[in-house]
Amino acid sequence: MSIFSSITFFRSLFVNDNFRVRCLCDCQGEARDAEAKAIKEKERLREIEKIQSASLIGDRYKGVTFEKTETGHNATFDNAFIRCQKYCKAVDKVLADGLGIYLYGDKGTGKTHLTACMANDLMQQRKQVLFTNFAEIAKMIKGTFGSKPKFVAMLVICIKVYAGNSGHR
């Protein structure tokens with residue numbers, strides 16, 4: 001094929017009515033970008049929903065967030081609230097450093113509420129969370145007795161409880 005016939009073929013390829021190159025106007029480009037963004041957001045929400053389902057968080061705590069939590073009534077709660085928020089904001093670093101957070105207090109002081117805030121915040125960041133208590137963990141473990149284990153992997157949680165002010169640890 002000569003150079004002239006190659007140029008003619010190339011020209012006919014792009015000029016021919018069967019093949020057109022279209023340029024997007026601004027509104028079409030914006031619509032395409034908005035559609036891509038919506039698809040990405042749907043995927044993100046689907047992933048979060050899957051994480052929430054696996055978290056075992058009950059309906060009572062699904063909507064509990066830092067933003068919806070009322071503060072300013074109790075200084076101890078407010079301090080814990082701020083620490084929990086900071087933990088969630090720095091979760092990648094604190095986990096990489098092997099750090100956790102421990103909440104303690106009397107019944108009704110907001111421990112479960114704060115852990116629900118943290119769980120929901122972390123799930124929004126697409127972190128895997130298991131929202132449960134020791135009684136539920138014990139039931140799950142007991143349920144595996146005499147049958148095939150239901151756990152492929154288990155996180156072992158160690159908690160040291162200090163007795164009063166005896167000074168012994």
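The paragraphs below walk through this predicted model, from its overall fold to a few individual residues.

Residues are numbered from 1 along each chain as its sequence is written, and side-chain values use heavy atoms, with hydrogens and water left out. Because the model is predicted, local features need pLDDT of at least 70 and side-chain atom pairs count only at pLDDT 80 or more, while totals for chains, interfaces and linings use all residues.

Let's start with the overall layout. The chain has seven helices and zero strands, so its elements read α-α-α-α-α-α-α from the N terminus on; helices (H or I, at least four residues) and strands (E, at least two) are DSSP runs, numbered from the N terminus. Of the 169 residues, 18% count as buried. Here buried means under 20% relative accessible area, exposed means over 50%, and partly exposed lies in between, using a 1.4 Å probe and protein chains only. Among contacts (heavy atoms within 4.5 Å) with a separation of 6 or more, 58% are between residues 24 or more positions apart.

Phe66 is a handy place to look around. Leaving aside residues up to four places away in sequence, Phe66 touches Phe81, Cys84, Gln85, Cys88, Cys117, Met118 and Asp121. Phe81 sits in helix α4 and is buried at 8% relative accessibility.

Thr69 is buried, with a relative accessible area of 12%. Not counting residues up to four places away in sequence, Thr69 touches Phe77, Phe81, His113 and Cys117. The side chains of Thr69 and His113 are also joined by a polar contact of 2.8 Å. That term stands for a pair of N or O atoms within 3.5 Å; within protein, one must be able to donate a hydrogen and the other to accept it, and residues adjacent in sequence count only if both atoms are side-chain atoms.

Several cysteines have come up along the way, so what about disulfides? The structure holds zero of them, a disulfide being a pair of cysteine sulfur atoms within 2.5 Å. For Cys88, the nearest cysteine sulfur is that of Cys84, 7.0 Å away. Cys88 is buried at 1% relative accessibility. Cys117 is likewise in no disulfide, with the sulfur of Cys84 as its nearest at 8.0 Å. Cys117 is also buried, with a relative accessible area of 1%.

Helix α6 also holds Thr115, which is partly exposed at 30% relative accessibility. Thr115 and Phe81 are 34 residues apart in sequence, yet their C-alpha atoms are 9.7 Å apart in space. Beyond residues up to four places away in sequence, Thr115 touches Leu103 and Phe131.

Most residues other than glycine have a negative phi. Leu56, in the loop between α2 (26–55) and α3, has a positive phi of about 70°. Leu56 is partly exposed, at 47% relative accessibility. Arg126, in the loop between α6 and α7 (134–142), has a positive phi near 65°. Arg126 is partly exposed as well, at 39% relative accessibility.

Finally, have a look at the second largest pocket, with about 400 Å³ of space. On a 1 Å grid over the protein atoms alone, a pocket is an open set of points where a 1.4 Å probe fits, with protein on both sides within 12 Å along at least five of seven lines; lining residues have an atom within 4 Å of a point. Grid points are joined across faces, edges and corners, and the volume is the space filled by probe spheres set on the points. Of the 16 lining residues, Thr76, Ala80, Tyr102, Leu103 and Tyr104 are the closest to the pocket's centre. Helices α4 and α6 each supply at least two residues of the lining, and the largest share, six residues, comes from α4.
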